[in-house]
Amino acid sequence: MNMIQFDFSQSILFSKDELQNHQEEISNAYQTLLAKNGKGNDFLGWLDLPADIDENTLGRIQNCANGLARQSEVVVVIGIGGSYLGARAVIEALQHSYKCLNPFSDNHAPLITYAGNNMSEDCICELLEVLDQKDYSLIVISKSGTTTEPAIAFRILKKHCEDKYGKNLAKNRIVAITDQSRGALKTLADAEGYESFVIPDNVGGRYSVLTPVGLLPIAVAGFDIKKLVEGAKQMRSQLMNLNSLEQNIAQQYALSRYLLYKAGKKVELMVSFTPKLTFFIEWYKQLFGESEGKENKGIFPAGAIFSTDLHSLGQYIQQGERHLFETVISVQKTHFQVPIPMDANNIDKLNYLEGKSIQDINLTAEEGTRMAHVDGNVPNLRIIVPQIDEENLGELIYFFEFSCALGGYLLNINPFDQPGVEAYKQNMFRLLGKPQ
């Protein structure tokens, strides 16, 4: 299997030798992570997760997914943040780009849609209009069951499901992924008889894509969760066994980011020339934003899809404030090829591209953009992915999780908590008059 690679040769602000000068700092962070004695070490369940997932658990998840898929045209995943972003990142990377127009494109799998990640009344009303016409099931994901956005959505969708199918049949269309022993959703799932899966206590939401939180929706969407886990397992083995900076790509990426941050580059623009990775970049933004953004520290995670956003953000990247660096997820191989045809009239002057595939041109655009941005003093890091499939996405997920943890320890913060997230909730509850 071709593993993903990392290239920091165009980082501008440091050389390979200068990176090596910081071997001690990254080694300390690495050893702290592996020894599980650093800040937030009670949330390190994700570290061994790919190796610990057993066949019985994967089989149960797959069986549940098959049952939901058989009875559903649509499956609604109810959750916010890590409770849906990881699953959506993988599903939208793998599924047909026009699934909504071609519903039988992915092995007759149901359409996966999402609720509980906002409080838009129009969105929930429009979803109910669709569900009136479709057979559907619900996957509700929450450790507590009281997070406002998904709790509101689930209350509304649960009632709709029970009104449509009757209470006895509705319970077979609702699956809960929640805490093992406590919380409102766990209590409700036990009382109503929903099939349920556990969110491990030692895995935070943004690190949970390789638990049932991510695996069940991904399996319902028709994709191979065993291959996804195997990819993560391969990356785990590589990162655990190659412990030197020269060999360990997560160490290289984490240290590169840290050195750029120390040099004044406060924004990381994560980009790809592959639009299927749009929601993967959204997942990255939560992973790094919640993990690093505390104690008045941290790189601000931003995202873009090229070449689309070169026509909106490209001017700023090229000549704006020099406070950012760029990390490119570079996908080398596509699943299809569309060659440029000859046109006898050549009015558009494109005959010089005859016979080239769109991917040929896309990779050339990527190279040209990277050269231009480096010339404009934008440091460039590059993560090279052979192609988009379950194995490579599993590798990429674990690579980012591991790198993010290292980055937190380099900053001397706890990369696994998110105390600042509560601030808006406290004001909202007070303004709404929530009882104490």
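Me: At what angle do the axes of helix H2 and helix H16 cross?
Reply: The model is a predicted one. Helix H2 covers residues 23-35 and helix H16 covers residues 390-410. Their axes come within 9 Å, and H2 passes H16 in a right-handed crossing. The crossing angle is roughly 115°.

Me: By class, how many nonpolar, polar and charged residues make up the contact of H2 with H16?
Reply: On the H2 side the contact uses Glu25, Ile26, Ala29, Tyr30, Thr32, Leu33 and Leu34. These meet Phe402, Ala405, Leu406, Tyr409 and Leu410 in H16. By class, that gives 10 nonpolar, 1 polar and 1 charged.

Me: Helix H4 and helix H11 also pack; how far apart are their axes?
Reply: H4 spans residues 55-71 and H11 spans residues 225-241, and the two pack at an angle of about 140°. Glu55, Leu58, Ile61 and Gln62 in H4 meet Ile225, Lys226 and Val229 in H11. By class, this contact has 4 nonpolar, 1 polar and 2 charged residues. The distance between the axes is 10 Å.

Me: Is Ile177 buried or exposed?
Reply: Ile177 is found in strand S5, residues 174-178. Leaving out residues up to four places away in sequence, Ile177 touches Ile139, Val140, Ile141, Ser142, Leu185, Phe197, Ile199, Pro212, Val213 and Leu216. Its relative accessibility is 0%, and because the cut-off for this class is under 20%, Ile177 counts as buried.

Me: What is the C-alpha to C-alpha distance between Ile177 and Lys143?
Reply: Ile177 belongs to strand S5. In sequence, Ile177 and Lys143 are 34 residues apart. In space, C-alpha to C-alpha, the distance is 7.5 Å.

Me: Which helix supplies the largest share of the lining of the largest cavity?
Reply: The search of the whole structure finds 2 cavities of 30 Å³ or more, and the largest holds about 50 Å³ of space. It is lined by Ala254, Arg257, Tyr258, Tyr261, Glu292, Ile299, Gly407, Leu410 and Leu411, which divide by class into 6 nonpolar, 1 polar and 2 charged. The largest share, 4 residues, comes from H12.

Me: What is the volume of the second largest cavity?
Reply: Its lining consists of Ser272, Phe273, Thr274, Ile329, Ser330, Val331, Gln359, Asn362, Leu363 and Glu366. Strand S9 (324-333) and helix H15 (358-375) each give at least two residues, and H15 gives the largest share with 4. By class the lining has 4 nonpolar, 5 polar and 1 charged. The volume is about 30 Å³.

Me: Which elements give two or more residues to the lining of the second largest pocket?
Reply: The second largest pocket contains about 1200 Å³ of space. Of its 43 lining residues, the closest to the centre are Thr147, Glu290, Gln418, Val421 and Lys425. By class the lining has 13 nonpolar, 17 polar and 13 charged residues. The elements asked for are helix H7 (148-165), helix H13 (278-292) and helix H17 (422-432).

Me: Where is the cis peptide bond between Phe306 and Ser307, and what is its omega?
Reply: Most peptide bonds are trans. Ser307 lies in the loop between strand S8 (300-305) and helix H14 (314-319). The bond that joins Phe306 to Ser307 is cis, with omega of about 5°.

Me: What is the phi of Asn296?
Reply: Most residues other than glycine have a negative phi. Asn296 sits in the loop between H13 and S8, and at 83% relative accessibility it counts as exposed. Although Asn296 is not a glycine, its phi is positive, about 60°.

Me: Asn377 has a positive phi as well; what is its relative accessible area?
Reply: Asn377 is located in the loop between H15 and strand S10 (380-387). Its phi is about 65° although Asn377 is not a glycine. Asn377 is partly exposed, and its relative accessible area is 49%.

Terms used: Residues are numbered from 1 along each chain as its sequence is written. This is a predicted model: local features need pLDDT of at least 70, side-chain atom pairs count only at pLDDT 80 or more; totals for chains, interfaces and linings use all residues. Side-chain values use heavy atoms; hydrogens and water are left out. On a 1 Å grid over the protein atoms alone, a cavity is a set of points where a 1.4 Å probe fits but cannot get out, and a pocket is an open set with protein on both sides within 12 Å along at least five of seven lines; lining residues have an atom within 4 Å of a point. Grid points are joined across faces, edges and corners, and a volume is the space filled by probe spheres set on the points. Ala, Val, Leu, Ile, Met, Phe, Trp, Tyr, Cys and Pro count as nonpolar, Asp, Glu, Lys and Arg as charged, and the others, Gly among them, as polar. Axes are lines fitted to C-alpha atoms, for helices over the stretch in contact, and angles run from 0 to 180 degrees between N-to-C directions. A crossing is left-handed if the near helix is turned anticlockwise from the far one by less than a right angle, and right-handed if clockwise. Contact means heavy atoms within 4.5 Å. Buried means under 20% relative accessible area, exposed over 50%, partly exposed in between (1.4 Å probe, protein chains only).
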